[in-house]
Amino acid sequence: MSAGLVMTAAKRSRVRLLIVTMLFFATTINYADRATLSIAGPSLAKDLGLDAVSMGYVFSAFAWSYVLAQLPGGWLLDRYGAKWVYAAAIFLWSAFTLLQGAVGFFTGFTAVAVLFSLRLLVGLSEAPVFPANARITAAWFPTSERGTASAFFNSSQYFATVLFTPIMGYVVHHYGWHHVFTLMGVLGIAFALLWTQVMYGPKEHPAINKAERDYIEEGGALLDMDGRGAAAPVNAGRTIRQLLSNRMLLGIYIGQYCITTLTYFFLTWFPVYLVKERGLSILQAGFAAVLPALCGFIGGILGGWISDMLLKRGYSLTASRKIPIVGGMLLSMSIIGCNYVQADALVVGLMALAFFGKGIGALGWAVVSDTSPRATGGLNGGLFNTFGNTAGITTPIVIGYIVQQTGSFNGALVFVGLNALVAVFCYLVIVGEIKRVELH
């Protein structure tokens with residue numbers, strides 16, 4: 001019997017590894033395009049004459065439309081499936097990123113209005129991405145591998161910084177801020193074409209064999225979640241009300257808002273903090289951001305591995321997800337320590353520790369895959385991401401006002417650290433048992 005099992009395992013295809021790799025690179029480009037403005041920001045603000053509050057509002061433009069489009073994006077995924085909705089999203093956000101390079105042809109208020117509008121369009125286009133990632137992960141991965149798979153694609157937000165921040169800093173330094181948008185826009189459009197050739201659901205993929213399909217289905221994968229038309233008979237309004245009335249989901253949603261506050265500090269104000277508060281050049285800031293990002297990436301992979309390892313060793317799903325989340329968020333509070341050190345190396349080290357912790361704790365999308373009702377994974381993912389990315393609206397603006405009023409980033413770092421503490425409270429006190437929701 002054991003020899004037969006070994007032979008079966010050996011014959012099992014591993015198409016799901018290709019799928020999660022595609023999610024990883026799609027999300028890497030996604031986050032790199034979000035971060036273009038933070039890298040171009042100091043030079044762009046100087047050219048356009050923007051103060052800290054104005055930059056805060058421009059930084060937040062992406063998140064306004066991103067948040068508002070989450071539920072429509074989730075419905076589109078439930079109705080039409082992930083492959084083509086995702087491909088269209090990649091193409092559109094990349095095209096709008098490309099167009100941001102033309103903002104320099106305008107001046108004054110017109111330039112600001114055009115930039116703000118294009119950032120709104122980027123946010124609108126990117127809305128389906130993370131609900132689609134959770135949906136595809138639930139379709140392709142058994143429960144015992146879902147934490148690692150979700151952590152892998154989610155860690156791409158740090159990999160994007162590791163890979164692209166030095167490149168974008170170099171481009172700004174040598175060629176001007178306009179060309180950052182050109183580079184990322186062209187790259188994304190090319191990837192959208194590749195996506196259409198590689199991405200299929202587990203029932204349709206030409207390379208998957210029966211052994212792998214049976215393995216993932218028996219392990220809890222929801223093969224139909226990447227299909228089309230699942231949302232057709234679902235009353236979206238009633239479903240959303242049921243999701244919002246579920247205490248476990250509400251705790252997860254609020255916790256994600258707090259965790260995402262750390263993400264948006266890093267994506268928007270962190271390079272500006274290094275330049276304005278610590279006196280680095282934009283090129284130095286680009287390279288200084290690499291270590292925290294690399295630690296966040298390692299922490300993200302490690303958090304998923306720890307979670308799945310605990311699950312395989314007999315811990316409950318609840319404990320396996322909560323232990324890395326709570327531990328990681330407590331560690332991320334080390335960001336506050338930057339207020340009490342002077343050496344740039346110590347600042348970067350504390351930031352690295354904070355984002356290592358944030359990476360470990362960023363298992364929210366695994367939890368979404370674990371808890372989403374079977375027919376409405378897109379809507380639940382959209383609602384989860386709506387809460388999370390509301391932080392993309394509030395964080396840049398709140399930090400902009402704190403910096404403007406106090407003349408330093410000290411209060412801003414305390415604000416970010418306290419959000420991590422609230423996330424811990426949500427998972428320890430509000431969430432309770434983690435399990436799949438059944439709609440009535």
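W75 has a relative accessible area of 34% and is therefore partly exposed, a class lying between buried (under 20%) and exposed (over 50%), with a 1.4 Å probe and protein chains only. The model is predicted: local features need pLDDT of at least 70, side-chain atom pairs count only at pLDDT 80 or more, and totals for chains, interfaces and linings use all residues. Residues are numbered from 1 along each chain as its sequence is written, and side-chain values use heavy atoms, without hydrogens and water.

W75 belongs to helix 4 (residues 70-80); helices are DSSP runs (H or I, at least four residues) numbered from the N terminus. Together with L76 and Y80, W75 makes a nonpolar surface patch of about 270 Å².

S125, by contrast, is buried, because its relative accessibility is 7%. This serine lies in helix 6 (residues 108-126). Beyond neighbours within four places in sequence, S125 is in contact (heavy atoms within 4.5 Å) with A89, L92, W93 and F96.

| Residue | Helix | Relative accessibility |
|---|---|---|
| W75 | helix 4 (residues 70-80) | 34% |
| S125 | helix 6 (residues 108-126) | 7% |

At least two lining residues come from each of helix 2 (15-48), helix 13 (247-276), helix 18 (364-371) and helix 19 (377-406). Helix 13 gives the most to this lining, with four residues.

Technical notes. Patches are made of residues with over 30% relative accessible area and no salt bridge: like charges are joined within 9 Å, nonpolar side chains (Val, Leu, Ile, Met, Phe, Trp, Tyr) within 5 Å. Accessible areas come from the Shrake-Rupley method with a 1.4 Å probe; for residues, only the protein chains shown count as cover. A salt bridge is a side-chain nitrogen of Lys or Arg within 4 Å of a carboxyl oxygen of Asp or Glu.
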